[in-house]
Amino acid sequence: MRNTSNAYAKINISLDIIGKMPDGYHELETIMQTVSLHDEISIECLPGNGVSVSTGVPYIPDDERNIAAKAANAFFRHTQISGYKTQITIKKNIPVCAGLGGGSADAACVFRMLNKMFDVGLSTETLETLGNSVGSDVPFCIEGGTKLARGRGEILTNLTPIVHSDIVICKPAFLCSTQKLFARVNCGKIRGRPDTAGLIKAFDEKDLGGVARRMYNVFEEVLPYGKRQDVEAIRNTLLESGALGAIMTGSGPTVFGLFDSKDNAENAFDRLKEEYEECYLAATVNGLPGK
Ligand code: C5P
């Protein structure tokens, strides 16, 4: 039994950190959007046992530590299906450790694919609950689109889908540890916060400019100085090229710009790729193709 599918990246249109929970994790309020940049996943299930993953990327684990393998194991445990040797092959196009939810997208895609391959008909809600057991952004990636996520990312509300727009995605070379960035956040001292209510209204009114103007990620405030300069430089290039707004996604370091003109997006992409290796031209996606 074999199947192939695409795993789509996400961007955070806004990201607010509400507070620290008793277990030390942080409560978030974030609007997420699926974009067309995607990994390509193929799954083969043959008689036997065990789950393995190959990505061709040396530092991504190929055993149970891989989030895609965790998803497969969670699916088989929940459905009590056994007796299959599962090989997951992932062509990584989404940059790794970038704030684009690449691992979560892969895990969500594995849940969707196995649900279809074994024809067990698990509901979206069940897949989201299983997804939450393997990673914070996985529940969003099960269905994707435009959603408000709360808690650790598992409390989801559908929003009016974003107006179709072009996106330029650019990852600077530095690494951002999610854990270290969270440790730098002092919830009482956050200077600015996204206007989530205003964003939701702008989505309802199909006001792309209103969405772009309100995009805000509180993680940018706690970036170390040099890294903030890099993010600022990418943002400036995107805005100079006509982006309606540009912010860092997730815990970074990737920056994206939202465009209402494909020509402007292509121009921004051409300028950025002279300086940065990892640049992508993408677009918003509402509803996962071939879900
Ligand atoms: O989700 P991920 O494994 O990337 O998170 C890395 C670290 O970031 C966690 O171990 C935790 O310290 C911190 N974190 C947090 N609150 C969240 C998500 C992550 O404090 N909602």
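**Figure 1. Packing of helix 9 in the predicted model.** The residues of helix 9 that are buried are Ala265, Ala268, Phe269 and Leu272. Viewed down the axis of helix 9, these buried residues fall within an arc of 100°, so they line one face of the helix.

**Figure 2. Length and N-terminal cap of helix 9.** Helix 9 covers residues 262-273, which makes 12 residues. From its first C-alpha to its last, helix 9 reaches 16 Å, close to the 16 Å expected at 1.5 Å a residue. The N-terminal end of helix 9 is capped by Ser261. In this cap, a side-chain oxygen of Ser261 lies 3.4 Å from the backbone nitrogen of Asp263.

**Figure 3. Helix 1 and the elements that cover it.** Helix 1 is formed by residues 67-79. Its buried residues include five alanines, namely Ala68, Ala69, Ala71, Ala72 and Ala74. Phe75, Phe76 and Thr79 are also buried in helix 1. Among the elements that cover these buried residues are strand 3 (51-54) and strand 4 (84-91). Helix 2 (102-117) and helix 3 (124-132) also belong to this cover.

**Figure 4. The two ends of helix 1.** At the N-terminal end, Asn66 caps helix 1, with a side-chain oxygen 2.8 Å from the backbone nitrogen of Ala68. After helix 1 comes Gln80, which has a positive phi, near 60°. The end C-alpha atoms of helix 1 are 18 Å apart; because its 13 residues should span 18 Å at 1.5 Å a residue, the two values agree.

Figure 5. Most peptide bonds are trans. The bond from Gly252 to Pro253, however, is cis, and its omega is near 5°. Pro253 is placed in the loop that runs between strand 9 (245-248) and strand 10.

**Figure 6. Cys97, a loop residue with positive phi.** Most residues other than glycine have a negative phi. Cys97 is not a glycine, yet its phi is positive, near 50°. The residue is found in the loop between strand 4 and helix 2. Residues over 50% relative accessibility are called exposed, so Cys97, at 52%, counts as exposed.

**Figure 7. Lys206, in the loop between helix 6 and helix 7****.** Helix 6 comprises residues 196-204 and helix 7 comprises residues 208-214, with Lys206 in the loop that joins them. The phi of Lys206 is near 55°, a positive value in a residue other than glycine. The relative accessibility of Lys206 is 48%, and therefore the residue counts as partly exposed.

**Figure 8. The protein chain as the setting of the close-up views.** The protein chain contains nine helices and 11 strands. Its C-alpha trace spans about 55 × 45 × 35 Å along the principal axes. The radius of gyration is 19 Å, which agrees with the value near 19 Å for a compact globule of 291 residues. Of these 291 residues, 54% count as buried. Among contacts with a separation of 6 or more, 74% are between residues 24 or more positions apart. The accessible surface amounts to about 12900 Å², and carbon and sulfur atoms account for 48% of it.

Conventions:
Residues are numbered from 1 along each chain as its sequence is written. This is a predicted model: local features need pLDDT of at least 70, side-chain atom pairs count only at pLDDT 80 or more; totals for chains, interfaces and linings use all residues. Side-chain values use heavy atoms; hydrogens and water are left out. Helices (H or I, at least four residues) and strands (E, at least two) are DSSP runs, numbered from the N terminus. The expected span of a helix is 1.5 Å times one less than its number of residues. Buried means under 20% relative accessible area, exposed over 50%, partly exposed in between (1.4 Å probe, protein chains only). The arc is that of the directions from the helix axis to the C-beta atoms. A polar contact is a pair of N or O atoms within 3.5 Å; within protein, one must be able to donate a hydrogen and the other to accept it, and residues adjacent in sequence count only if both atoms are side-chain atoms. The radius of gyration is taken over C-alpha atoms; the globule rule is 2.2 Å times the number of residues to the power 0.38. Contact means heavy atoms within 4.5 Å. Accessible areas come from the Shrake-Rupley method with a 1.4 Å probe; for residues, only the protein chains shown count as cover.
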